[in-house]
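Q: Could you go through this structure with me, starting with the overall picture and then moving to the details?

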Amino acid sequence: METVLRPVIVVGASVFLTVIIGWATDVLLRKADERHPETPLWDRLRRARVPYQLVLCAALLRGSYDQAELFEEHRVGVGRTLTLVLIGAAAWLAIRITGAVVETTYSRYARAHHDAARVRRVRTQVTLIMRVVSAVVGVVAVAAMLLTFPAMRAAGASLLASAGVLGIVAGVAAQSTLSNLFAGLQIAFGDMVRIGDTVVVDGEWGTVEEITLTFLTVRTWDERRITMPVSYFTSKPFENWSRGTPQMTGIVFWQLDHSAPLEAMREKLRDILRQCPAWDGRASNLVVTDSTANTMEVRALVTAKDADDIWTVRVAVREQMITWLSAEHPYALPRVNTSDAVLPPYRVPSPDRHSLRKAYEFPRTGRS
């Protein structure tokens, strides 16, 4: 009877204590979240209750397994399995707690600062720091799991002896991966590009959607995703429209006839911009920038607070100006001249001495 009750009591007590402690911890976190609604830390910590309970259960079972006297012939294997579960659950819990703290810190920073560029920079740094922390914790957890096997501890000396050669070989084999890794860290802390920045890469305009330690994703205006290695942004030039202040200046070109009413167009441009909410009111003008035999090039300059608004202003000015010219001044639109060409006056060439002598000579024939 004792052989049956002992393992049931030990395992049941471990599971019961896990449930009770997990429930009590969740209740305390819920009350703390209700008491301090200004911080989301406690609610985010509640998301770690699954790895927390798994750590508790594995630790209690690992500590009380010897008293259970269950599977005596497999004691070593069961004990090692519980140890592996405990290490994995602890690593999972550490990542969840770190993520909750980092996300809470970022949320407070985003609420306290209204500078969008600084917020995007901190968001990029936080994202990459979390990825680095997750990778480090994962590597340490795997190493700790491997060290639980005696064979791996015995092979440690030989591994350390060959670490130099293995490091050189691994460095050469993973050269591109390491370069992308260091490029990702450089981007995160060098403030070159941030999540949410508007960039132009390889002629494609889009917004940076994701940055990892090895690649970067750009979402284009037509919802496509361009995935590029982060080393591209440290080795090649690219346009970052969000660098510094997000304010932008845009231009609109028209090819018009030389008789286009420029003063009337300047007045119309001001009317269009007054009715356009995307225009920030900083600057606007209209000038002639080029002229050809048939047309002249007219340029309008407008401003807006960011890249999205400058696109809206440009298309509105272009469309409304063409519509107005077509309705009010159709002669200002480019035309093709189809009139008959005027030929130059015909001039008879003056005769020279040689041609006159040949004209008065008689032909040398047999007739007189």
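What follows is a conversation about the structure shown above.

Q: Before anything else, what kind of model is this, and what pLDDT do local features need?
A: This is a predicted model, in which local features need pLDDT of at least 70 and side-chain atom pairs count only at pLDDT 80 or more, while totals for chains, interfaces and linings use all residues. Residues are numbered from 1 along each chain as its sequence is written, and side-chain values use heavy atoms, with hydrogens and water left out.

Q: How many helices and strands are there?
A: The secondary structure comes to 13 helices and eight strands, where helices (H or I, at least four residues) and strands (E, at least two) are DSSP runs numbered from the N terminus.

Q: And how much of the protein is buried?
A: Of the 368 residues, 30% are buried; here buried means under 20% relative accessible area, exposed means over 50%, and partly exposed is in between, with a 1.4 Å probe and protein chains only. As for contacts (heavy atoms within 4.5 Å), residues 24 or more positions apart account for 66% of those with a separation of 6 or more.

Q: What order do the strands have in the three-stranded sheet?
A: The order is β6-β8-β7, in an open sheet with antiparallel pairing, and two strands are taken to pair if DSSP finds at least two bridges between them. The edge strands are β6 (248-256) and β7, each of which pairs on one side only. Neighbouring strands of this sheet are turned by 20° against each other on average, direction ignored; the axes behind such angles are lines fitted to C-alpha atoms, for helices over the stretch in contact, and the angles run from 0 to 180 degrees between N-to-C directions.

Q: How many bridges join β7 to β8?
A: Eight bridges join β7 (residues 279-291) to β8 (residues 296-304), and the two strands run antiparallel. A hairpin of four residues links β7 to β8, and across the pair N285 stands opposite L301, while V287 stands opposite R299.

Q: Which helix lies across β6, β7 and β8 at about 155° to β7?
A: That is α11 (residues 262-274). Helix α12 (residues 307-328) also packs on the sheet, touching β6, β7 and β8, with a direction that makes about 20° with that of β6.

Q: Staying with α11, which of its residues are buried?
A: The buried residues of α11 are M265, L269, I272 and L273. They are on the same side of α11 because they cover an arc of only 90° around the axis, the arc being that of the directions from the helix axis to the C-beta atoms. These buried residues pack against β6, β7, β8 and α12, whereas E263 and R274, on the other side of α11, are exposed.

Q: Which residues have the most contacts inside the largest nonpolar core?
A: They are W254, M265, L286, V313, V317 and M321, in a core of 25 residues. A nonpolar core is a set of buried Ala, Val, Leu, Ile, Met, Phe, Trp, Tyr and Cys residues joined through side-chain atoms within 4.5 Å. The elements that give two or more residues to this core are β6, α11, β8 and α12, and the largest share, seven residues, comes from α12.

Q: What does V317 touch?
A: Leaving aside neighbours within four places in sequence, V317 is in contact with V252, W254, L269, I272, L273 and V302. Another core, of 15 residues, lies apart from the largest one and has V193, L213, I226 and F233 among its members.

Q: Switching to loops, is D257 buried or exposed?
A: D257, found in the loop between β6 and α11, counts as buried because its relative accessibility is 10%. Not counting residues up to four places away in sequence, D257 touches N294, M296, Y331, A332, L333, P334 and R335.

Q: Last topic, backbone angles: what is the phi of D202?
A: Phi of D202 is near 55°, a positive value in a residue other than glycine. D202 sits in the loop between β1 (198-201) and β2, and counts as exposed because its relative accessibility is 62%. E223, in the loop between β3 and β4 (225-229), has a positive phi of about 70° although it is not a glycine. Most residues other than glycine have a negative phi.
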